[in-house]
Amino acid sequence: MRFRLTVYLRLLIACLLMFAMGCAQKPREGVMPASQHAAPLPPTGVDLRLLPADLPEGVTKLSLYVTPFNGREELAKQLQPLAAHLAQVLGLPIDVSVAASYSSLVDDLVAKRVDIALISPLSYVLAREKDNSIHLLARTLTMGATDYASYIVVRSDDKAEMLSDLKGRTIALVDELSTAGYLFPLAALRQAGLTPGREIQTKFLGSHINALHAVMAGKVDAAAISSGVLTLSRETWAGVPDLASVRILHHAGRIPYDALCARADLPKSGAQKLAWAFQRLNTSTRVGRAVLSHTEGMTGWIAAQDLDYDGIRRVLKQVRGQDAPRDDRLGADDQ
Amino acid sequence: MRRAMIGWGQMINSPDLPILARIRLSFHSIGMRLALSVGATLFVAVVVAGTLVVQGMAEVYRQEARNRAVALLSTLAAPCALAVSINALDRLDGYLAEVVQIGGSYAAIEQVKMLDPAGHTLARAERHEHKVELLDEPFIRKVALSHNVHWRQWNLPDKRPMLAVSMPTISGIRWGTLVAVIDLTDVEASTDIAENITIVAALILTIVLATVAYQLLLRIVVRPVRELGHAAQAIERGLWSTRAPEGRPDELGKLAQAFNQMASEVQSYTESLERKVADRSAEVQAKNVQLEKVNSQLQQAVDELAFLSTTDALTNVRNRRHFTRVLDEQVARPQTGSLTLLMMDVDHFKRVNDRFGHPAGDAVLREIAAVLGKGLRGSDILARYGGEEFAAVLPDTPRETGVEVAERLRSLIAAHDFAPAVGQEIGQLTMSFGVACLPQDAANGDALISRSDAALYQAKNAGRNRVV
């Protein structure tokens, strides 16, 4: 039996072979677009020394003030290497100080008594409300993170299961300009139907660590604190009561870390140099690690935009829109 | 005839034949070729479609594996960023080891490592210990600088398929790059099994459907075509009444109808042609018969004419011309014996004419010829030589016999009572005879005539009614 393949069958076999060869070539490598982008890095090799033209009239040295979110003495000491590094980069003496309070620092910045200020997000928003031309230089990176959380904590043995269970009790707050220690917890409490001074009593204790200690010690029933304080207290402060004695009752929200600002009359060129000087500094470099290793979790600064703080503005608007007590300083400027 | 024509179909359906004899397997049959083509097409289509589906599924699995790796690395990004940012590489090691230990068996994570921007390994955890670096240097350098997620699939020397996924570790700034290596053996093995199943399924499907297609084609196309072919062959052999089976509504049925119509026309045309030929043959035969008849008539006429041309009109014996010719023939003939010539003349015939008239004379001449004819032998030829003179040629007759014949004739005439008409009594008449013989008396015909004439003359002179 003679068997000759028809042209059609030959074509079919050719197709099959080509297909098999095509199948054998599986894609072996590929790229997927990143969903997350690193903040833009400042250009390298640029001389950041400040010239007289980069500074306000008559300024020959700069003052850097930080918010007293922890103990003032401790903080001032930790920031000395930073001051030395900045003085070298900027070619100008830098004084680093810890402000007396959140509000005084905002006032001093707006009044141009302070050249550079590291302030809480809420402080920044309020400062910009007072003077819209205040410079935003950078955002702080803490422990390698860009944001932190606001917690409302209670003692582990407390019966409370939700915020409304705190009705008629006392909560420790940090400062009226603290974001995690006041604004976000306030919004959360109000949403739970608890108005400070009516359904719930409030105490302002000045710093996150004080608030935490107060709830641990049983002086108050709950405390509003920033997430970083839990870690810091565990690692840094010896002799604090067992952290297992507190638990998180409520997550009040996520907040970008502190804003680094400069006085409004600083020329743009100077503000740019300052911003780059800070943005170059982080613990992924040897210099950064040397400068920042003594701080409590400060690991660098990244480029920032004003809209990074729009989340704070939304919560602030929400809080102001509700029936606030007369002495609430948050609404004072609007009245 | 027709049943014999569709014998193929009967043979196929005949139950006493083995099945293989009934199905003629030939690659030159339409059915086999079509079934083969359909089968091959089907096979290729099913294999291609099946492989595409399997490959698509496998790609989905691979995509899933990649996405899993990306998700894993995303969750690792924050703690790893923290660990790097506070220069706590021991923690980094811990995180990675934890992931490999817990996720290793579930997600087949073979290795996780953290690279710094220069591509140096900051920390690494493995499910199995690998003595050599799993990832090659160029890939590591590339992913350490890239802002995107990269993946690569390759095989280890022991053929195990591996998937590497890299992801920049970003938390504010870029702290490094995480790379996860995932063992894809399960995914690829299931793909291979699925591909094999596809091919086997395609083969089975092909065989089943090709067989069905072949049978259908046999029924729908091949049999009618073969039947048509057989019918055509039969017609070619001259079996004009053969017809292909009709009754199918399709194109082949119409073809069979058209074929049969054509066959009918050919048949009727052929038959009419044959009829015409037969008619013509009969016609020709009739013409032949007629022609034969005419020919015989013609022959008769010719014979008659010949008879008439050699016969004396009055006495009905041979005329002188015939006599002359016969004599010449006899003389020219090689002689075996003698040839005798008798010359005879009626005595005193003038008296008869004068007394009874010429018609009576004519009648007497007729009677004389008759008597002479009776008296001669069968082989002798009698002719009227002229007037009342007769001659007879006696072939192969010696003179003595001739004389005897002449004497007998003389006696017969002398004894005859002539009565030409009722009431006319002529009475007795006599004749004189001259006999001459070849070769004794003469050398040729003319001489023979002269010699017999002379003898006749002598007989006349000697008193008539005698033979000389």
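Here's a quick tour of a helix in chain A and a helix pair in chain B. Keep in mind that this is a predicted model. Chain A has 335 residues, and 44% of them are buried. Its secondary structure comes to 11 helices and 12 strands.

**Chain A overall**
- Take the contacts in chain A between residues at least 6 apart in sequence: 77% of those join residues at least 24 apart.

**Helix α4 of chain A**
- This helix covers residues 102–110, and its buried residues are Tyr102(A), Leu105(A), Val106(A), Leu109(A) and Val110(A).
- Those residues span an arc of only 130° around the axis, so they sit on the same side of α4(A).
- What do the buried residues of α4(A) pack against? Their partners in chain A are β2 (62–66), β4 (116–119), α5 (121–130) and β11 (259–262).
- After α4(A) comes Lys112(A), which has a positive phi, near 65°.

**The α4 and α5 pair of chain B**
- Helix α4 (residues 30–85) and helix α5 (residues 89–107) of chain B have axes that come within 9 Å and cross at roughly 160°.
- Angles over 145 degrees count as roughly antiparallel, and α4(B) and α5(B) are therefore roughly antiparallel to each other.
- The crossing of α4(B) past α5(B) is right-handed.
- On the α4(B) side, the residues that meet α5(B) are Arg68(B), Leu72(B), Leu76(B), Pro79(B), Cys80(B), Ala83(B) and Val84(B).
- On the α5(B) side, they meet Leu89(B), Arg91(B), Leu92(B), Tyr95(B), Val99(B), Gly103(B) and Ala107(B).
- Sorted by class, this contact between α4(B) and α5(B) has 11 nonpolar, one polar and two charged residues.

Definitions and conventions: Residues are numbered from 1 along each chain as its sequence is written. Chains are lettered from A and ligands numbered from 1 in the order in which they are written. This is a predicted model: local features need pLDDT of at least 70, side-chain atom pairs count only at pLDDT 80 or more; totals for chains, interfaces and linings use all residues. Axes are lines fitted to C-alpha atoms, for helices over the stretch in contact, and angles run from 0 to 180 degrees between N-to-C directions. Helices (H or I, at least four residues) and strands (E, at least two) are DSSP runs, numbered from the N terminus. Angles under 35 degrees count as roughly parallel, over 145 as roughly antiparallel, 65 to 115 as roughly perpendicular and the rest as oblique. A crossing is left-handed if the near helix is turned anticlockwise from the far one by less than a right angle, and right-handed if clockwise. Two residues are in contact if their C-beta atoms, placed from the backbone, lie within 7 Å. Ala, Val, Leu, Ile, Met, Phe, Trp, Tyr, Cys and Pro count as nonpolar, Asp, Glu, Lys and Arg as charged, and the others, Gly among them, as polar. A residue is buried if 20 or more other C-beta atoms lie within 10 Å of its own, exposed if 12 or fewer, and partly exposed in between; C-beta atoms are placed from the backbone. The arc is that of the directions from the helix axis to the C-beta atoms.
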